[in-house]
Amino acid sequence: MQSQWSDSDAEALTARYSEQGVSQDLALRVYTSRLLGQDPKLVLHGGGNTSVKTRALDLSGDETDVLCVKGSGWDMGNIEPQGLPAVRMAPLLKLRTRESLSDEDMVRHQRAYLLDPGAPNPSVETLLHAFLPHKFIDHTHSTAVLSLADQPNSRELCDEIYGRRMGQVPYIMPGFALAKKAADLFEQDSSVEGLILLKHGIFTFGETAQEAYERMIQMVSLAEARLRRQRKSVFMPAALPGKTAPLAVVAPILRGACSIAECDDWRRMILDFRTSPAILNYVNGAELARYATQGVVTPDHTIRTKNYPLIAPPAADGGLDGFRAAAHDAADRFAADYRAYFARNNAGQAVPKKPLDPLPRVILAPGLGLFGLGRSKKDAAIAADIAENTVATITDAEMIGRFEALPESDLFDMEYWSLEQAKLGASKEKPLAGHIAVVTGGAGAIGGATAKLFAENGAEIAVLDLDGEAAARTAKKIGGGTLGLACDVTDAASIRAAFDRVVETFGGVDIVVSNAGAAWQGKIGAVDEAVLRQSFELNFFAHQRVAQTAVGIMLAQGTGGCLLFNVSKQAINPGPDFGPYGLPKAATLFLARQYAVDYGQEGIRSNAVNADRIRSGVLTPEMIAQRSAARGLSEKDYMGGNLLGREVTAKDVAQAFLHQALSLKTTAAVTTVDGGNIAAALR
Ligand code: ZN
């Protein structure tokens, strides 16, 4: 591992922060924390922490000795000075004389000694930093170090590599007891440059930021060098079917298997897929079940990935019925095992814990790769990042010896530790969390408003539009992991390709807003049949193709689904010269009901929205001008010519689609969004 230290970068950052009144100590602490945090081989997603002992002014202007230590919720890779809150040293040090200190009391003390009462909670490893005497202390969960520290003979390995340069601390859960133990062990030989925390990670110390950082790089490099010696090259492969079914086919089946029924609906997960030669070497190994299901490589990961992944059965191309049954068996076993693990370990707890959901957060798919699972794409990607890191760590461990995880009771303590759960935040989930929604015509006014509203309600979104660039722009505006794809809904291959991309990106499809459409006009007795056919292509057949494709995916998942069609008041209340538009829309209204009839048993709901006079909906500005003139009305009066006398917007239509998506007992329904037009009211 190369040191990324640069004198000029360090000076530049120090100079920049000094203008903002940040001390050199803290500026350099920020600099090397970022260097460490930006390397996934050292630190992942909020893991690791760093500190500096320095002096700072308290609120009354008195200078005092403090520990600036990473605050909870900050990522080292992009940390700022305020992400390293200052805690008074003297009262922290006094805690060391205590026999014990509960986690809750530890947090209270740490907060009480903050210079700024509004600062984030100092790291749960604050006391460990405080009890060691060094000015700069760095802590990472280095992949290479863990490959050695997660071995049955990790002590001998560390002796061999580091000799007396590094102390060794047996596994203790982070908190007061670990801080005391680490400090006691350090004092037995204070010449060490750092500590290896067996089955957890590594600390290095220094009098300067550069010294602590360079020692981290050096110790990790020594571990890497050891991992290159006496090494096997690959895992013995398992016998797998010749050809594995494609990702777009496998993902919805796995996603469905990893869902559970919950209050009239399904608890669904978003998937994030990864593959590479290293991942395939790992997931295709004959002994996968042994090395992959022992436990996490460092306990911090358990809140993101659970203790072990689900191993999916191999998916032979063409043998999908067998795969589906085997995938459901595997997922059911996983959930049963998780519940049993919870019951076993909860039995001895002084204060009983509340079980978390029993769904896996990582799926290993032989022949294919791995999936991270989460209630959002972001959480799924975090799980996948950690899983990839785990593959690297365990592969290296197994290539020179044997991976050994902590006993499950230690992992349970960590998974259900209130201070760890607090990292995930207790915010209430949005109603469409875990859902994947596809919106066609997504770059238009109604499509865009609907995509945005569904995203605000927690769904992952794919914006499909004939204009791929406009789709990408809309997706970017919505943000998050929103996908923007070009899709010609009058072309079956284009629809297939777009839905495959959605499934490969998120794992499946739950909601489809079939919205793409355009208005053709013509007096029905005189209209060219070609115009009528063109309108039917877009305003009827496209809806049918989109719905058919979506239903195929929904059936593979087996967790129901929701089809939403943008119909039009024309479907029931024809306007003069709007036959070419109204006829296919009437057929699409029927289509919505036919899907409700044919797929209700599968839990697939199908509803429609009849919208009318929406500015920048299907009505172009020219059409609005033409139609208001024909009625002798101003544009404003025409657009607001309804019972409520108010203009109806794309957002109002989006709201109706959202209600239909959330109304779990509503199917074959039509919602009218037109401000009130009795001639277009449904009976
Ligand atoms: Zn740690």
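This is a predicted model: local features need pLDDT of at least 70, side-chain atom pairs count only at pLDDT 80 or more; totals for chains, interfaces and linings use all residues.
The division of the chain gives domain 1 (7–227), domain 2 (247–424) and domain 3 (436–612 + 648–674).

An open sheet is formed by seven strands, which follow the order β16-β15-β14-β17-β18-β19-β20 and pair in the parallel sense. Because β16 (483–486) and β20 (670–673) stand at the edges and have a single partner strand each, one side of each is left without a neighbour in the sheet. From one strand to the next, the twist averages 15 degrees.

Strand β17 (residues 511–514) is covered on both faces, with Ile-511 and Val-513 buried on one side and Val-512 and Ser-514 buried on the other. In a regular strand, side chains alternate between the two faces of the sheet. Strand β14 (residues 436–440) runs parallel to β17 and is joined to it by three bridges, and Ala-437 stands opposite Ile-511 of β17. With strand β18 (residues 561–566), β17 pairs over four bridges, again in the parallel sense; here Ile-511 stands opposite Cys-562, while Val-512 stands opposite Leu-563. Between β17 and β18 the chain passes through helix α21 (residues 529–557), and this β-α-β crossover is right-handed.

Two further helices can be described in relation to these strands. Helix α18 (residues 445–456) lies across β14, β15 (460–465), β17 and β18, and runs at about 170 degrees to β15. Helix α19 (residues 468–478) packs on the sheet, where it touches β15 and β16, and its direction makes about 175 degrees with that of β16.

Terms used:
Residues are numbered from 1 along each chain as its sequence is written. Side-chain values use heavy atoms; hydrogens and water are left out. Buried means under 20% relative accessible area, exposed over 50%, partly exposed in between (1.4 Å probe, protein chains only). Helices (H or I, at least four residues) and strands (E, at least two) are DSSP runs, numbered from the N terminus. Two strands pair if DSSP finds at least two bridges between them. A crossover is right-handed if, with the strands pointing away from the viewer, the path from the first strand over the helix to the second runs clockwise. Domain bounds come from an automatic or database domain assignment. Axes are lines fitted to C-alpha atoms, for helices over the stretch in contact, and angles run from 0 to 180 degrees between N-to-C directions. Contact means heavy atoms within 4.5 Å.
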